[in-house]
Amino acid sequence: MKRRDFLKIVGSSAGAVAAAGCGQAPERILPYVIPPDNLIPGVASWYSSVCRECPAGCGVIARNREGRVVKLEGNPDHPVNQGALCIRGQAALQGLYNPDRLRGPMRQDASGALKPVKWEEAEKLLVERLTGLVKQGKGKRIVVMSQLESGNLGRLIESWAQALGARRPIFYEPFNYEAIHHASRLVFGRDAIPHYALEEANVILSFGADFLESWLSPVEHARAFTRMHAFKHGKAGTFIHVEPRLSLTAANADEWVRNAPGTEELLALAILKVILNEGLQAPGVDVALLRNVAMPVDLEAAAGQSGVSVETIKHIARTFAKAKPGIAVGGGVAVTSTVAVETQRAIHLLNYAAGNVGRTVRFGPDSAFVKATPHAIVGLLTQLMAQGEIDVLLLIHANPLFALPPKWGFAEALKKVPLLVSFSNQPDETTEQAHLILPDLHSLESWGDFSPREGVVGLMQPTMAPVFDSRAVGDVLLSVGRQVLGSPAGKGPFRWETFAEYLKEQWRGIAREYASSMLFDQFWEEALRRGGVWKDVATAPVQARSAPVFPIQGKPASVEGDPQGLTLLVYPSQRFYDGRGANKPWLQEAPDTMTQVTWDSWIEVPAEVAKKLGIRQGDLVKVTSPHGAIELPAYVSESLHPGAVAIPIGQGHTAYGRYAKDRGANPLTLLPGGAGLSFLSVKVTLTKTGGRRPLAIAQATHDQDDREIAQHVGLGAARELELRGAVPEKASHPSMYPDLKYPEYRWGMAVDLDACTGCQACVIACKAENNVPVVGKEQVAYGRDMHWLRLERWQEGKPEHPENLFLPMFCQHCEIAPCEPVCPVFAAYHTEEGLNAQIYNRCVGTRYCNNNCPYKVRRFNWWDYSSPASSSYAFPDPLPLQLNPDVTVRQLGVMEKCTMCVQRIVAGKDAARDEKRPVRDGEVQTACQQTCPTQAIAFGNLKDPSSRVAKLSRSPRGYHVLGELGTRPAVTYLKKVTREHGKA
Amino acid sequence: MTDSAGRQPTYADVNRDVIRTLEPPSPAYFGWMAVVALILTAGILAWTWQIYAGMGAAGKRTPQMWAMYITTFVFWIGIGHAGTLISAILYLFRARWRTSIYRGAEAMTVFAVLTAGLFPLIHAGRMWFAYWLLPYPNQRYLWPNFRSPLVWDVFAISTYLTISVVFFCVGLLPDIAAIRDASTGWRKKIYGMLSLGWEGTDRQWRHYRRAYGLFAALATPLVLSVHSVVSWDFAMALVPGWHSTLFAPFFVDGAIFSGFAMVLVLIIPMRHFWNLYAYITDKHLDAMGKLILVTSLVLSYFYLCEAFTAWYSGDHFERASLFWKATKSYAWAFWLQYFCNSLVPLVLFWRRARTHTPTLYVVSILVLIGMWFERFNIIVPGLGHDFYPYTWGIYWPTLTDTMIVIGSFAWFFILFLGFIKVMPSVSIVEVKETLPHPVKEAHH
């Protein structure tokens, strides 16, 4: 048998496995696009691609076992994410294997119900309609609305639209950061979103930019933030965050400044004024211009309106201006208020005044977000649709019915469109309305490329055969285009048989740009292997345009609605982004770090307001704005600005599959229609409905009760400790037993709490790697979640302005483990590599081990999550395809817990043994460690004194959680370093 | 020993009165049996559901990995203590008043242990593999972990059950023979077989006495050891409020305390319904009342010690745990325990209360409730506020675990009700021993 034949068989049998889930034969394609030199069952192949869960464009590598992808990891070579992935990236697999994913093409029949059709039939339908329009010269009645495609698919869509005479395609992103590039154009004359090099700043001044959650490129920013901020060699940067709400990013700030909603511009200008008044601006800046802008601002008035004292404003200005370089960024609600552009402009000017432009704020490697269509144009399209000007609307992974406020009238306008074609492979709100559904492949099944910023092009290849009967949107566009124009294959504007061919040809251009000397085939293979190409892009010099290009506002954002009401903050969700994550059960079950809420959405109500209205946590509250009303359970917050309420975006789907549907409420329905999309634009009133819907909150309390679980040390003290270099005296607990001997390895971990930002990526990585079941809202609420790794948030100090500590907690693999002696059947035992092992098959289920575990990290299978016959079955088809074949799926009645990814240790040892050497440091990475954007987790052999984990474990900041119990954990935590200066 | 008329029963009276308890039961008896059987059926159904669906059907969660099952397990083990105490220790101390109540108490012991023994099975997540706790040679080369208190439990309880059953059966032998002699037909055959050929010869009596004494001596240490071992399930663990050297004597005392209360709950109705006033007299009740009072006072002392050590240790976790139990979600259970176990028994200082049957009955019931809640307070609130605040939580019972716990009472009572109709629940032999020998006519 030839190698190629063998691969074909393996590929198609994988497809057959997938087909078993749906009963339809998939298109047979060969998943092994780079034929591996040899394919051994049981040995994984890795394929690089790009994560398309948001437009940040992180590189991924997909672990393919026997024809199916079982795990995603960040591509270590990729310049954006450097090996890490965020929580949404880790969960992308559940989009691929989503049980509600569309199985094949569908069309609406006369009764309005969607019925499956054949691909040929579906395509024919579209071709007929398009041909009719094109022939009549009514191409302008066709429009494509796609998610942001910054690569060649976007180019194909554009040329396709051009060839058919259609309107310019719309690249629709709910979060498009258009205020930033509008402001750039106004201030610097360059319509671009610059690259923010956080890592090179000494001070970050953020105006609501949730750069650790969703803003622009969160993984990249988290890594960069840690580089500038985490304590290293006695140094640590400073992070000041201005936001009305204590977001996850705010909780990571050294100084969180709570301002009144919508006063970011005012504050930025006030800070600028202080800089100018005190002469702190960088040399060579256009002082006249800056004075023009900043001087009209009255400091006292700004302080009064924003609720931030003049002292604090001055202190921020000094800290920021003296940083050399610092960086000011704006995002979140601040970029989407009615004064969003003005705010971004003020922030640009701050960067300009402090001399950061060109250093930390770099034009040149501009973000691809600039290609996203402004909301005003989407509004225009809506009008055209409503006027009956559009006959065919093609939607490519865009869900405007969910993401646009109903007041935009998109739903009504859509009714006027005779043919709505959706290429989405998920049954989302807009797709449900479609007359024709031509499901696209998942990005992990597709060819493609994506360029998140200038100088970086990520290349996507199919990492496995399609799970269902879907076709690549590029292929369909080419085929439909050919048929409409009547051009034969091989000629004309759509001469390529497949999108893959088109892509490869386009990449010849990229090859010339990036590696002119290399042969194309070699370049192509290299790019596929690496996951794309990248180069350094020179920073483009920009000059601030002189006044008076723009008028000065200097007043807070205007909000409509009851003046006595509370300003509504609608903010992007770290877990669901703009809502596209909501159909993934992993994301639903991962707690929101700050509130620890799972499975639901909520309205954050300030404690003062809650007290006044008699609202308790979990009480249903009716939220009324001038544009709509929704009902949500209340989450009472001590820290939120008393003049505001906050609701995360992402929940409240009316379709989008079983996990998303009818869960919570969509806050966007409270927002006004109009030309732009402002997340901060209304005031709302709250009324208690009398009903209750308790939230499923994973963490019982954020108060450590003086137990010193998460510890911190002041910056000065940390420096002193570092200088002394003393290994802290570990409390020695006398034991009657001799110390354990570890002949070769003792696996251990070190977690630097100063680096942990609480992003939860590790939680999902662990879930994906270890086949951890999803248990649902009721079970989480009742303390039966199965997370092997949980991310805890502890708070200290004033509840309205707490010090936040994030701590990933998992099995501590104690040397003197309380769980081990109490197990009557040796299911819990100690390996000679220091692992606290759990043998599922031996477990009888007395649960004594978990009683005795001081860390409560053991998880019991209360229900039958593993058998398909059970009503608690956690893996409806085709989710089982994701299960890691190296890890047992645990059965009813047994205890389970973190194994330190023992399957990876075994694989690492096997590889080392083949080469007759010990395992090298860093060779084995646990899933949580691998995905951590800030590299807060280290894993390795504690017996090797030169290993990273051993070095970190000896850190003067190291401690053991509940170490006084004498359990001698193998996990050392490094205390968070807090800044001494006073809180604002 | 006198009846209400102040007349001492004769040997013939004893035979007649005791065997009378075995007469065909009344409809009321069958009515009670039916009620108990119904409850038992519900309990069995609940258990079946739990095995089918998983332990999630019971209200357990993190951190309360143990809850009502272990509470009830310890409760029944405790109940199982009074019987052996009365039959063995009081026998060795020649406390003659025990004779008329020890049979009932011993039966209660055996049935209580049989009930308790179900709970480790009910409680196990994979009860079908519970036999892995037994040390037996097997092809898997597996052996139980002798460091685990649960394995100690297996030995302690199975030993205790074996000894109590044997002791119980030995004591029954002469009485079975007496019933055999009084019965006819197929009953006679069955009792004949069960009496193992007892003839009442001097030789048999001599062997019987010796064996009985030996078994009494053997059972005595078990009274102390079994509950000590059960208490180590807690004391050997790390949980705040559990890890204490106090636990063994504390548990043993509590066990005796609740055991006596249960004996009273059982014999007071027996005496009433079968008119056994001649045998179970106020003197007996008085003596039992005194024992309950003493054990209650000792228990109160242990309660104080427990609170004192939690405070005096200065240990943050212990203090927080105690404070939480006493003031937060489960405070009602905490104070109920103190009320029932420390306050209520104080009325027994009055002699009138000790001989006033309704008072004694109410006190006993409250003591049983209090002792059940004592174990509940150790387990459920104890685990609910352990070392790690992230997972703290409140346990809510479900229909399933409630039905199983109630079903266990039905199981106990069905055994006991059955027993009193087929076996003499007052010892004929030993009661006779306490009576004056029938004077035979002098031969001239």
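User: Which parts of domain 1 and domain 3 of chain A are in contact, and how many residues take part?

Analyst: Contact here means that the C-beta atoms of two residues, placed from the backbone, lie within 7 Å. By that rule, 7 residues of domain 1 of chain A touch 9 residues of domain 3 of chain A. On the domain 1 side, helix 2 (87-90) and helix 3 (93-96) of chain A each give two or more residues. That side divides into 3 nonpolar, 2 polar and 2 charged residues. In this count Ala, Val, Leu, Ile, Met, Phe, Trp, Tyr, Cys and Pro are nonpolar, Asp, Glu, Lys and Arg are charged, and the others, Gly among them, are polar.

A word on the source: this is a predicted model, where local features need pLDDT of at least 70, side-chain atom pairs count only at pLDDT 80 or more, and totals for chains, interfaces and linings use all residues. Residues are numbered from 1 along each chain as its sequence is written, while chains are lettered from A and ligands numbered from 1 in the order in which they are written.

User: Into which domains is chain A divided?

Analyst: Domain bounds come from an automatic or database domain assignment. For chain A they give domain 1 (3-96), domain 2 (190-363), domain 3 (566-697) and domain 4 (712-731 + 742-978).

User: How many helices and strands does chain A have?

Analyst: Both are DSSP runs numbered from the N terminus: helices are H or I with at least four residues, strands are E with at least two. Chain A has 30 helices and 39 strands.

User: What does the radius of gyration say about chain A?

Analyst: The radius is taken over C-alpha atoms, and the globule rule is 2.2 Å times the number of residues to the power 0.38. For 984 residues a compact globule would come out near 30 Å, so the 28 Å of chain A agrees. The C-alpha trace spans about 95 × 80 × 65 Å along its principal axes.

User: Is strand 1 of chain A mostly covered or mostly open?

Analyst: A residue is buried with 20 or more other C-beta atoms within 10 Å of its own, exposed with 12 or fewer, and partly exposed in between; the C-beta atoms are placed from the backbone. Strand 1 (residues 45-50) of chain A is mostly covered, with 5 of its 6 residues buried. Over chain A, 61% of the 984 residues count as buried. R920(A) is partly exposed, because 15 other C-beta atoms lie within 10 Å. R920(A) sits in the loop between helix 28 (902-914) and helix 29 (927-931) of chain A.

User: How does strand 1 of chain A join strand 2?

Analyst: Strands of a sheet pair through backbone hydrogen bonds, either parallel or antiparallel. Here two strands pair if DSSP finds at least two bridges between them. Strand 1 and strand 2 (residues 59-65) of chain A run antiparallel, joined by 6 bridges. S49(A) stands opposite V60(A) in strand 2.

User: What is the strand order in the open sheet of 4 strands in chain A?

Analyst: The order is 36-29-38-37, with mixed pairing. Strand 36 (937-941) and strand 37 (958-959) of chain A are the edges, each pairing on one side only. Strand 29 (residues 747-752) of chain A pairs with strand 36 in the antiparallel sense over 5 bridges, and V751(A) has I937(A) as its bridge partner in strand 36.

User: How many residues does each chain bring to the contact of chain A and chain B?

Analyst: Chain B brings 36 residues and chain A brings 40. Helix 5 of chain B gives the most to the chain B side, with 3 residues.
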